[in-house]
Amino acid sequence: MADPTFTGRCTASAEVFRFTIREMRLRATDGSFATLGSGDRSFDVAQVSAGQAVGDYASGNSIPTGTYNAIVPTLNGVWTVQGGYEQAVDGGVLGDCVTTSGGYSSNPADKGEMSTDLAAFFTANPSSLPPDMQVSGSDLIITDTSASGLPLTVAEGDVIDFTISFDAGSSIDFEYANGNCTGAYIGPLGVTLSFTKQ
């Protein structure tokens, strides 16, 4: 943000982008599910090693024979981010905006982790719910049919590699009015998934 009178939203990369996976399943074409991994585990997907860690989580069980058309992770609805614009305009204070535990601040010294209850937000704002997501209590269930390698047909003896990578480069939105910070919000997270047979 280089305009000291800017009004609107800007994106920034997250230094922290954390959520908890509860379960990872594959959906078969007959509507049944195969569990790839289960049990609560927290991941900070802003870190370089996160894709490998989530891949390891989802490699806990063998995949029964069959054809699968979606990967279905269940995630806790509370997600946490941290980041900010600092010294954004002419090396001065105007334009600074950081996440805090309470939301946002124009003082970089206040920077901290901001948690957002996405399950509660989508329950209160159902028109904002993405078409591939549903809310179940305090959890989010995502049905992703776009992963590379889907549909996936698994035969006896097949070894399947699952890879996942994350892009948190524009995962925090900062809102400005006349160059002043007025809000911080969790933004989109880029996710790339693929299945391949060895």
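**View A. Arg25, a buried arginine.** With a relative accessibility of 18%, Arg25 counts as buried, because the cut-off for that label is under 20%. Everything shown here and in the other views comes from a predicted model. Arg25 belongs to strand 2, which covers residues 16-28. Setting aside neighbours within four places in sequence, Arg25 is in contact with a run of residues from Phe33 through Ala34 and Thr35 to Leu36, plus Ala70, Ile71 and Val72.

**View B. Helix 1 and the side it buries.** Here we look at helix 1, made of residues 50-57. Its buried residues are Ala50, Gly51, Val54, Gly55 and Tyr57. They span an arc of only 155 degrees around the axis, so they sit on the same side of helix 1. What do the buried residues of helix 1 pack against? Their partners are strand 2, strand 3 (33-44) and strand 13 (160-167).

**View C. The largest nonpolar core.** This core has 47 residues, and those touching the most other members are Phe17, Ile21, Met24, Ile71, Trp79, Phe174 and Phe195. Strand 2 turns up again: with six residues, it gives the most to this core. As a bit of background, nonpolar side chains in soluble globular proteins tend to be buried together. Zoom in on Phe195 and, leaving out neighbours within four places in sequence, you'll find it in contact with Leu26, Ile71, Ala147, Ser148, Gly149, Leu150, Leu152, Ile160, Asp161 and Phe162.

View D. The strands line up in the order 6-7-8, with antiparallel pairing. Strand 6 (84-85) and strand 8 (103-105) are the edge strands, each pairing on one side only. Strand 7 (residues 97-100) is joined to strand 8 by three bridges.

View E. The structure holds one disulfide, and it joins Cys97 to Cys181, with 1.9 Å from S to S. Cys97 lies in strand 7 and Cys181 in strand 15 (residues 180-186), so the pair ties together parts that are 84 residues apart in sequence. Are these two cysteines buried or exposed? Both Cys97 and Cys181 are buried. Cys10, on the other hand, is in no disulfide: the nearest cysteine sulfur belongs to Cys97 and is 9.4 Å away. Cys10 also counts as buried, at 13% relative accessibility.

Note on methods:
Residues are numbered from 1 along each chain as its sequence is written. This is a predicted model: local features need pLDDT of at least 70, side-chain atom pairs count only at pLDDT 80 or more; totals for chains, interfaces and linings use all residues. Side-chain values use heavy atoms; hydrogens and water are left out. Helices (H or I, at least four residues) and strands (E, at least two) are DSSP runs, numbered from the N terminus. Buried means under 20% relative accessible area, exposed over 50%, partly exposed in between (1.4 Å probe, protein chains only). Contact means heavy atoms within 4.5 Å. The arc is that of the directions from the helix axis to the C-beta atoms. Two strands pair if DSSP finds at least two bridges between them. A nonpolar core is a set of buried Ala, Val, Leu, Ile, Met, Phe, Trp, Tyr and Cys residues joined through side-chain atoms within 4.5 Å. A disulfide is a pair of cysteine sulfur atoms within 2.5 Å.
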